[in-house]
Amino acid sequence: MGMLLRLISGMHKPLIKNLTEKPLSFASTSRNVSYGTPRNLNSFCPFPLPRNVSETSAFCTSQTTPAFAPASLPEDSPLSGLEDALASYVFGKKKATEVAHKVWERVVRKGDTVIDATCGNGYDTLKMLKMVADESQQGCVYGFDIQNDALEKTSSLLEQSVSPNEKELVKLFQICHSKMGEVLPEDTWMGLGSDSLGDFRLIAFNLGYLPGGDKTLITEPHTTLEALNVAKDILTPGGLISLVVYIGHPGGWQEWETVQEFASKLSVEKWICCKLQMLNRPMSPILIFLFKKY
């Protein structure tokens, strides 16, 4: 089983340090060599690798009896403490959305304002609400979906799962995710552009079609790109843009390429960007995490 987690833009210091054990399989290539991905992509494997792994491409393959322990990450890394969750996804023990939720928990705090850009059946919306809701009623979740069916399912799930007071913290809009900047309250962000600021700690996307719905109604590359450009402007420093990109349907791979191109162009000084992608399960969803630096 293969796995590739790529750093799309750099960090101030390597994610992996003081590691002495050897990987199961390791291939080194120059950072300036292109294999169909952006030149500033660095590869990261969450298992023990040589210290100079940040300068190479690392590929992990399975053996009959894996004999390695999780890597140790710096405490200030956004992925610190998530080694087990990442390994569980690699070996098929966790879904992509479950891993995404674990990463969210490292970023989101009680009372935060967050966005579910693609509500779907509402499970991400519910997870966000549980993360931000507190007794002061300060937390808030903005949820978007272009399909009324999705919002009805989300609303129904919330009614079954949380109290009426908690449900009031969720604001649902039947609108394309590319238009979310048009309906968000002005006091939550200050315009769009390189100097804009927002109060949003997490903006999450689940790209593809509505599970159990019409598979011909999908998120589109051009609207997703518009949504990402809004998201990067309104995200607060220290916040996260999280994407689970499903590529097994027609149009899915094109949308993934759009997301990858967008992420690869983000400033190294302002962003930490990575992806988790299975190499020998080509239809598996791809996880993207874009951390905005303080």
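Which residues of H7 are buried? They are Gly252, Glu255, Trp256, Thr258, Val259, Gln260, Phe262, Ala263 and Ser264, where buried means under 20% relative accessible area with a 1.4 Å probe, protein chains only. Keep in mind that this is a predicted model, where local features need pLDDT of at least 70, side-chain atom pairs count only at pLDDT 80 or more, and totals for chains, interfaces and linings use all residues. Residues are numbered from 1 along each chain as its sequence is written, and side-chain values use heavy atoms, leaving out hydrogens and water.

**Helix H7**
- H7 covers residues 252–264, and helices here are DSSP runs of H or I with at least four residues, while strands are E runs of at least two, numbered from the N terminus.
- Its 13 residues reach 18 Å from first C-alpha to last, close to the 18 Å expected (1.5 Å times one less than the number of residues).

**Phe289**
- You'll find Phe289 in strand E9, residues 286–292.
- Phe289 counts as buried because its relative accessibility is 1%.
- Leaving aside neighbours within four places in sequence, Phe289 is in contact (heavy atoms within 4.5 Å) with several residues, including Ala100, Leu240 and Cys273.
- Val103 is another of those contacts; Phe289 and Val103 sit 186 residues apart in sequence, but 8.5 Å apart in space, C-alpha to C-alpha.

**Helices H3 and H4**
- On the H3 side, Tyr123, Thr125, Leu126, Leu129 and Lys130 meet Thr154, Leu157, Leu158 and Ser161 in H4.

Key
Buried means under 20% relative accessible area, exposed over 50%, partly exposed in between (1.4 Å probe, protein chains only).
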